[in-house]
Amino acid sequence: MPHLRLSPELIQLPTGWIPALLRGAKCRCPRCGEAPLFRAWLKPVDRCSHCKQDWSVQQADDFPAYIGIFVVGHLLAPVVIAMISGGVSAWLTLAILLPVSIIMLLAMLQPTKGAVIAFLWWHGIGAFKQERRKEDKTP
């Protein structure tokens, strides 16, 4: 049946959670790495076109935005401090860094959401079933 997932033996599952996160951050299916994970900017596909993994059950919610705000805030905080202590007016600092921070956050939102979805899938959190490739135990 076309709606059933491919067996783990028929696809190249990631070897660990970091490769799974990297696949998600590249906006690829974390399970197979072959098909796109998103059909629109932040809208994941319902089902992977290659391995048939169901992505409609993902619950990343607001966590990718929290991660993005945390990272952008920590990257730009020293810049704000340096600009203000360096004599740049608060208004000029705001005029420069507000657009920069918005662009940075928007640029990292989709890769962050892909990585969060991959993390949830790899660890079997929520509606995902944790799966691993059976290890070859030949002597």
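Predicted model: local features only at pLDDT ≥ 70, side-chain atom pairs only at ≥ 80, totals over all residues.

Me: Why are α2 and α3 called roughly antiparallel?

Reply: Helices α2 and α3 pack at an angle of about 150°. Angles over 145 degrees count as roughly antiparallel. Therefore α2 and α3 are roughly antiparallel to each other. Their axes lie 8 Å apart, and their crossing is right-handed.

Me: What makes Arg 31 and Glu 131 a salt bridge?

Reply: Their side chains meet at 2.6 Å, N to O. The cut-off is within 4 Å. The pair links distant parts of the chain, 100 residues apart. Arg 31 sits in the loop between α1 and α2, and Glu 131 in the segment after α3. Both Arg 31 and Glu 131 are buried.

Me: How many salt bridges are found in the whole structure?

Reply: The search finds two. Arg 39 and Asp 46 also form a salt bridge, at 3.3 Å, N to O.

Me: Why is Arg 39 called partly exposed?

Reply: Its relative accessibility is 47%. Buried means under 20% and exposed means over 50%, with partly exposed in between. So Arg 39 counts as partly exposed. Asp 46, at 44%, is partly exposed too.

Me: And why does Lys 52 count as partly exposed?

Reply: Lys 52 has 22% relative accessibility. Buried means under 20%, so Lys 52 counts as partly exposed. Lys 52 lies in the loop between α1 and α2.

Me: Which residues make the nonpolar surface patch?

Reply: Trp 41, Trp 91, Leu 94, Leu 98, Ile 102 and Leu 106 make this patch of about 680 Å². Trp 41 is partly exposed, at 42% relative accessible area.

Methods:
Residues numbered from 1 in each chain as written. Heavy atoms only, no water. Patch = residues over 30% accessible without salt bridge, like charges linked within 9 Å, V, L, I, M, F, W, Y side chains within 5 Å. Areas by Shrake-Rupley, 256 points an atom, 1.4 Å probe, with all protein chains shown as cover. Buried < 20%, exposed > 50% of the residue type's maximum accessible area, 1.4 Å probe, protein only. Helix = DSSP H or I, 4+ residues; strand = E, 2+ residues; numbered from the N terminus. Axes fitted to C-alpha atoms, helices over the stretch in contact; angles between N-to-C directions. Parallel < 35°, antiparallel > 145°, perpendicular 65-115°, else oblique. Left-handed = near helix turned anticlockwise from the far one by under 90°.
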